Each structure stands twice: as structure tokens, then as C-alpha cells.
Amino acid sequence: MTSNILDKGYEPHEVEKRWYDFWEKEQLFAAKDESSQKPYSIVIPPPNVTGVLHMGHALNITMQDILCRYRRMHGDNVLWMPGTDHAGIATQNVVEKNLAGEGLDRHQIGREKFIEAVWKWRKKYGSAIINQLKRLGASCDWDRERFTMDEGLSLAVRKVFVQLYNEGLIYRDNYIINWCQRCHTALADLEVEHEEHDGHLYHIKYPSTDGSGVIIVATTRPETMPGDTAIAVNPEDERYRDIGYNEVILPLMNRTIPIIREKYVDTSFGTGALKVTPAHDPNDFEIGRRHNLPSIKVIGDDGLMTSEAGQFKGLDRFECREAVLKALKKEGLLEKIEPHKHKVGHCYRCKTVVEPNLSRQWFVNVKPLAEKAVKAVEEGKTKIIPESWTKNYYNWMNEIRPWCISRQIWWGHQIPVWTCENCNEVIVAVDTPETCPKCGGKNLVQESDVLDTWFSSALWPFSTMGWPEETPLLKTFYPTSVLITGFDILFFWIARMMMMGIHFMGDVPFKDVYIHALVRDEEGSKMSKSKGNVIDPLTVIDHYGTDAFRFTLAAFAAQGRDIKMSEKRVEGYRNFVNKLWNASRFSLMHLNKGCDNIDYNQLSLPDRWILSRLNTVTKNINDALDNYRFNEAAGTIYKFVWHEFCDWYLEIIKPTLYAKEKQNERQSTLSVLWRVLHDILLLLHPFMPFVTEEIWHKLPGTEGSIMRAAFPATASDYLITEKDAEVESKMEVITEIISGIRNIRGEMNIAPSLTLEASVQSQDELKIETIKQYQDIIINLARLKSFSASKSAIKPKSSATAIVNGASIFVSLEGIIDFAKEAGRLEKEINKLAKELSTVSNKLSNENFLNKAPADVVEKVKEKNRALLEKQQKLQANLEKIKEFESK
């Protein structure tokens, strides 16, 4: 056995570990800080340090790796910057749960000890997600791995904060924020997930101070009523234009509050009268500002009612709702209760219902930053792909509100602000101050809040490359080439990186943004643990291998269309990996040396055809990957390898490979076979890195890793010419004739072992000439014992017919089929099918089933019905043919 022979079967797991270790050892992922090569850079969307690999990661990383491997093979100096995010709230929650298991909480051990505990946890578990990315084949420059809390990035965060503060863009203010009682922190608007709830509208009477009437207000939140400071009505609302009083008594609190006129009020909602609670609703807060209303905070940060809530002090907010309703009913002030669907905000981490709350927080005025970021996209400096997402980007940026950046947790970048306890001077500095610049005092207390995780993530494209230092790496690779990410963080992250990159670097952070869709289950439903439809990427890799999994993701990654994932699909592409392996194994049995020199003047039709197809395929794959059409690139190489190379070319050349007496012809074909297999491996490598590396090292005439080989460009010495178009046309004639005969064999249930008699009739002289010239190929692949082609061929008795592109194919069935026996077989199968169809039809005519069964179940039954009907029609047509033959 020679060293270039592959094992009989492909076993991915040993191969994957061996080659990944080899790539890392040989530093094949490493970028050069300075190089004459064209730079190409991607920063990885940093997964949370608490994270485990899910389908979204898998798709995202696969796409990035395809591009990085592709650009390296094109000779670019590729930097794929890896790293992880400290994930403030998520990580703190994990460590707090661990402490709770020991009977402790963070307040008992103190801030310093708690931060130490988080760093210990990160050291022990933080690399898990990175190791999982490596299993996917990610070719990141791991020696440059960054963490959003490492020293260099922390310096960048402090410098950005101080500069924005000095520019007047960071400020502290009382503002309505989203407050999570479970996480004890403020949340940005984007961190609140809104879910529809079946709630109620409570109609409450507010009596006028003079006793002349009442205003009825409809609200979903009676528990906030103790904090009301006004009733608002629209000045255009005729119901309230002439009510004759301007003040009402706040029920249960016996406090007088004014009636104000406010255009914001929706006259079609409820009664058209709005209770204004500035401390507990963002819209009410803005109304309060416009009308100089006081803000009374009645729900505390712990979710309990404050002393401002009077008799309800100390109650949980939801207990308070029931108590308020009971008290209102007792006093005859509850008019009615109506069912009402409405959206309720939940914490994106712990799913607790979020409380809009008045709080003193740190904000960034992002409006001026957003204007520049919008302009950059409008001017084409950054292109968003698919283009449909550009409108969403503009809409959000144009409606942008101040960004609340402070979080009341301990894990994260502590805000670099100190207050002097002696003179109350506020000091904002990059480095920790030792004394107060105003009074010289040393009693300085740092702000206890930390920054929103997304604040440090917004600096990722340039902070990871060494900013604020002007490093060679930053000079070479910023702006980055492309960002690949999901649409769910278009505003969380992409928009903020755009704003920060332009402001601090004077340029956009990336030239392209490719937004991929969701990976859903096979029915198109979103994956979730509660539904039990989550597919674990690591389990899939264990079962089918990384290459099959990666190729599946790429093959279905059409722009703007969600991926329906199932293990069956991955299994299908594992078959493709095996097909490649077996085709390579067969080829390598004949290839004893590199055969790069092809004499194009001595090539057979099949050899010229496969090179012509390879040239077109190469051009199309380059074009598809250059334009982020991953599915088109994958589909093109799949079709070429499976159907054109394996199904046709290898089958056609087998007689030549075994014909030792025709050495010149054989050597010519071997040189083509080597070239095609060589380029197939290169074209497939970005998608299937492991199996291609394994085969590459068995292919004679190759040196080193496939990662260092040049990606095929359109062959300069074999451009598509008129002659090659003619070659493809001739091969199409031949393959159509063979396929036509094979179809007849299949329809008539003729065993593959039986050789047939066939003839072709066509009025096209060129077609007849081509068929005659290459009839040996037709006879061999169609398994014929006799064959003829002419303009005047007559249909033989008892023969089946197929019409293909202007040619009639006749296959004699005399002595091949027992017509009576075959008719009996078909009738039996048709009867069996009729029973199955009856069962399905009865189901579809059952109104109870159609109305109550899930839509996807109904659709499956309909699809089965369509398939059975199609099969029935084919069987019936075959039976009629057989009976026709039987009667002659």
C-alpha cells in the first residue's frame, strides 16, 4: 500500500484534532503587524465569558472562518481577532448563584472579595467557549485573544469615558430608567424584552375638588397611583373642554393634583384621561418635565412600596396592586375592570418584569454621534448587507435616546469618577487620583456603579488593536474589512461601534456589515429550551463531524432568509463528505505523482468538459464569496463535486484509467484528474477545512498545509472559449441520452445488471454525429448491449420511449420484462397506494382535524397527500404503458 492511499472510511474526530493541533503549532492563523500583503481583518463578536456554543454562534463563526480561510488563500494578511466579553450582569448572576450555594451573598463578602471570586471563576470556566469555537475549526489568531476586562481594554474604556465627559457628552441626571429588581441594576432600552400579557384596564374615579364631578381614568398599573401628580387630557378632546374644574383629589391619598392639557394624550385609549406618574413611566416623565410636575417615587429599587405610598408602604408592587384595588372598591372609586392585552417589559437576563423607575444615572448623549454614523452609511463608507437592514439602522439612529450607561452591579468597568468627601468636588480621570485637585484632601470615594457591558464592546474594533496607543496593528488593520453578526445586536453593538469608531478613530470601524438570519428548527420555529427543540452544535459535531455541520450551515445561509436546521440535513452533507472521501480515494489509487502540466491540445471530450466546468465553477465561487453569498458558493461546489465530477466524470474516465495499453491518453486524463481534484480541495477548504487538509496531504505534488496554497482563480490558460461552449454542448447531449435510458430503466423496474438494446432518432445531424462519435461512453454508462443513432431510426416493437431535447430514445423491452407479471406488480402497488391515499384524504376532509391540529402538522399531511398523488399518477402511467405492450 502506498502512502497516498486513504483509509476506506473517513473518521472525522481523530482527523479534526490532529489537524487543528497542527495548524496552531505551525502558527497558520497568525497575522503580521506589518506586511506588504493586502490586509484583511475581522473582529469576532465576543461571546460572553459565561456562554456555551449555540446555533447562532456556530453560523456566525462558520461564516467568518470561511471568509478568513478564503482571503488567506488569496494571499491576504488576515487578522481574525478573537476574544470574550465580561458580560457584566450574566457573569455576576452566575457567581452569585455559586455563592448562594455556599450560603453566602456578595454583600457578606464585600466588593473586593466578590471581584476576586469572579476572576477565579473566569480563569476556571472562561475558556470553555473558546475551546468550543476551536472545535468548529475557527482559525482565529489565538495569541492575540482579548478580554473586555483586560488591562489594555480597561485603559481604553477609561480614556473614552473621560474624553466624552470633557466634551459634555457624558453626564449624570435623574431620569426614568428600566430597573430590574432581581439584578438590582438599570437596563438600557435595548436590554428590555417586551412580551404580550393578558392584563386588565382598571377604570378609576378621580373626584373633583369642588365635588362637581369625577374624571375616570383607565390604567393598567393601579399600584403606581399613589405617585400620580396630575391628570392629563388632550386639549382637542371635546369631552373635557368644558368640565369646569382644574383639580381632582387623588384617591386613597387625599392629595390635590391638577388637570393639565397635553397633546401627547391619545384620545382613543381608555377614557382619554391619563394619570401622570413621572417617577414610574418614561412618557409621564417627559410630560412632567414639560409641565414642571413633581416626581414621587412610590416603588423602591427593591420592588417594595416606599413611604410615599402611604398606607401601602412595604408591600410588594404586585401585592400593592391588589390592595389598591380592594381599597378603591371599598370607597366606590373603582368604576369597572376590562380585559386588556398589552406588552410588558422583562429583563433580558433574568426575565423579571422591569420597573420604569426614577433614578440618578450616567448617560451618553449619543445624538451627535449617531448623526455621523448615519452619514457614514449614507455615503457608502460602511455597507450593510442585506441592504434591507439599512432602513432599520436609519430609523433607530434617527430616533435614538440618551444611552444609560451605569449599572448597579460590581462586575465590570467601575466608572472612573471620584467624589471628594471634604469638598464634594467631582473628579473624572483616567488614572486613580491620590488627592483632590480643589482642596488637596485625600478622602476620595469612587463611583460604585460599573459601565454597561456594551460600552466596552463598542470600542472592540480599535481597543483590541492597542488603542489608545498608535500601534502598527491598528495602522494595518483598522478599519476592519467586515463584521458578521446577527440582526439582534444591530443596535446593541453595531450602531454603537459605528458611533465610537467614527468619534475616536475618525473612520468607520468596518467597511461591510453582513447580517445573517436566525437558525430555526426544521419547522421554522425559533429554538428554545421551553419548546425542547434546541439542537446542540457540539452534539451534531460529535455525530456527523465538523465539516458536515459547517457545510450545512453555509449551504442554507441565504441572505435575509432564516435557516431551517435539522440533523437530517447535516446527515445529508455528511454523505457529501463521504462522497468526496471515496472519490478522492479512488482518484489517489491512480495518481502516483503530481500532474500539473496539461497538454490542452491532446484532451478527450470528457477531460475538456470537466476543465471547462471547473473554470466556470471557480469563477462563480469567487464571485459568490466576494459578495457574501455563502449558500450559492456552497451549492455550486456541491453540485460540481457530486454530480459533475463524481457521477459523470469519474464514471466516464474509468475505462481510460484501467486501459494500460493507451498510455498517452491515460496520462493526459491523469493530469486532468489531478488538476480537478487539486482545485476541488482548494475550493472546498474554506467550508470543509479538516477533510480537505487530510486529503491534501495524500495528494502527490502538494507541499505543506492546504491553508498556504493559493485559492483557484479563473484559469488563465483555460478560459471559456467558443470551443469550450461547444464541448459543454456535446457533453450535454451525451449525458441527456444516458439519463433518458436510465430513467426508462427506473420507471420500468429493470434491474441494473441487465444490458439493454437502445436506439436514438433525431433530425439534428450534429446531434446524431455527436452521439455516434461518443457512443462508447453511452454504451458503457447506460449498460447497453447494442446501440444505434440515425435520422431515420424506427421505434421497435414493445419499446419504451423517452424524448430529450429534440431526440427520441427507444429502449426495447422484448425479453426484458414479463409484461403480465409487471402489470400485476403495478396493480398491487397502486391498490396499496389507494388505501394509503384514502386514509390521508379522510384526515384532510375532517374539519375537526383541520381546525384543531397545529398548522405545521396539517401542512405535513397535505404534503404527504401531494406526494402520494404524484406517485399514483406515475404508477398509473407505467401500468398503461405495460398493458399497451402486453396487448401487442
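Contact, throughout these legends, means heavy atoms within 4.5 Å of each other.

**Figure 1. Overview of the predicted model.** Among contacts in the protein between residues at least 6 apart in sequence, 77% join residues at least 24 apart. The structure is a predicted model, in which local features need pLDDT of at least 70 and side-chain atom pairs count only at pLDDT 80 or more, while totals for chains, interfaces and linings use all residues. Residues are numbered from 1 along each chain as its sequence is written, and side-chain values use heavy atoms, with hydrogens and water left out. The protein has 27 helices and 29 strands, where helices (H or I, at least four residues) and strands (E, at least two) are DSSP runs numbered from the N terminus. Taken along the principal axes, the C-alpha atoms fill a box of roughly 110 × 70 × 55 Å. Of the 888 residues, 53% count as buried, a term that means under 20% relative accessible area, with exposed meaning over 50% and partly exposed in between (1.4 Å probe, protein chains only).

**Figure 2. The packing of helices H17 and H20.** Two packed helices are described by the angle between their axes and the distance between the axes. Here the axes are lines fitted to C-alpha atoms, for helices over the stretch in contact, and angles run from 0 to 180 degrees between N-to-C directions. Helix H17 (residues 567-588) and helix H20 (residues 663-684) have axes that come within 11 Å and cross at roughly 150°. That angle makes H17 roughly antiparallel to H20, given that angles over 145 degrees count as roughly antiparallel, those under 35 as roughly parallel, 65 to 115 as roughly perpendicular and the rest as oblique. On the H17 side the contact is made by Phe576, Leu580, Ser584, Ser587 and Leu588, and on the H20 side by Leu673, Leu677, Ile680 and Leu684. By class, these residues divide into seven nonpolar, two polar and no charged, where Ala, Val, Leu, Ile, Met, Phe, Trp, Tyr, Cys and Pro count as nonpolar, Asp, Glu, Lys and Arg as charged, and the others, Gly among them, as polar.

**Figure 3. The packing of helices H6 and H14.** Helix H6 (residues 151-166) packs against helix H14 (residues 490-505) at an angle of about 80°, and their axes are 12 Å apart. This makes H6 roughly perpendicular to H14. Val160, Gln163 and Leu164 of H6 meet Met500, His503 and Phe504 of H14 in the contact, which has four nonpolar, two polar and no charged residues.

Figure 4. Three strands form an open sheet in the order E15-E23-E22, with parallel pairing, two strands being taken to pair if DSSP finds at least two bridges between them. The edge strands, each pairing on one side only, are strand E15 (383-385) and strand E22 (480-486), and the twist averages 20° from one strand to the next. E15 pairs with strand E23 (residues 510-516) in the parallel sense over three bridges, and the bridge partner of Lys383 in E23 is Asp512. Helix H2 (residues 55-73) packs on this sheet, where it touches E22 and E23, and its direction makes about 160° with that of E22. Thr62 lies in helix H2 and counts as buried, at 1% relative accessibility. Leaving aside neighbours within four places in sequence, Thr62 is in contact with Leu136, Arg550 and Leu553.

**Figure 5. Strand E5 and its antiparallel partners.** Strand E5 (residues 170-180) runs antiparallel to strand E14 (residues 355-364), to which 10 bridges join it, and Trp179 stands opposite Glu355 in E14. Three bridges also join E5 to strand E6 (residues 185-187), again in an antiparallel arrangement, with Cys180 opposite Thr185 in E6. The hairpin of E5 and E6 has four residues between the strands, and within this hairpin His184 takes a positive phi near 55°.

**Figure 6. The surroundings of Val450.** Val450 is found in strand E21 (residues 450-451) and is buried, with a relative accessible area of 0%. Not counting residues up to four places away in sequence, Val450 touches several residues, including Arg111, Ile405, Trp410, Trp411 and His413. The C-alpha atoms of Val450 and Val214, which lie 236 residues apart along the chain, are separated by 47 Å.
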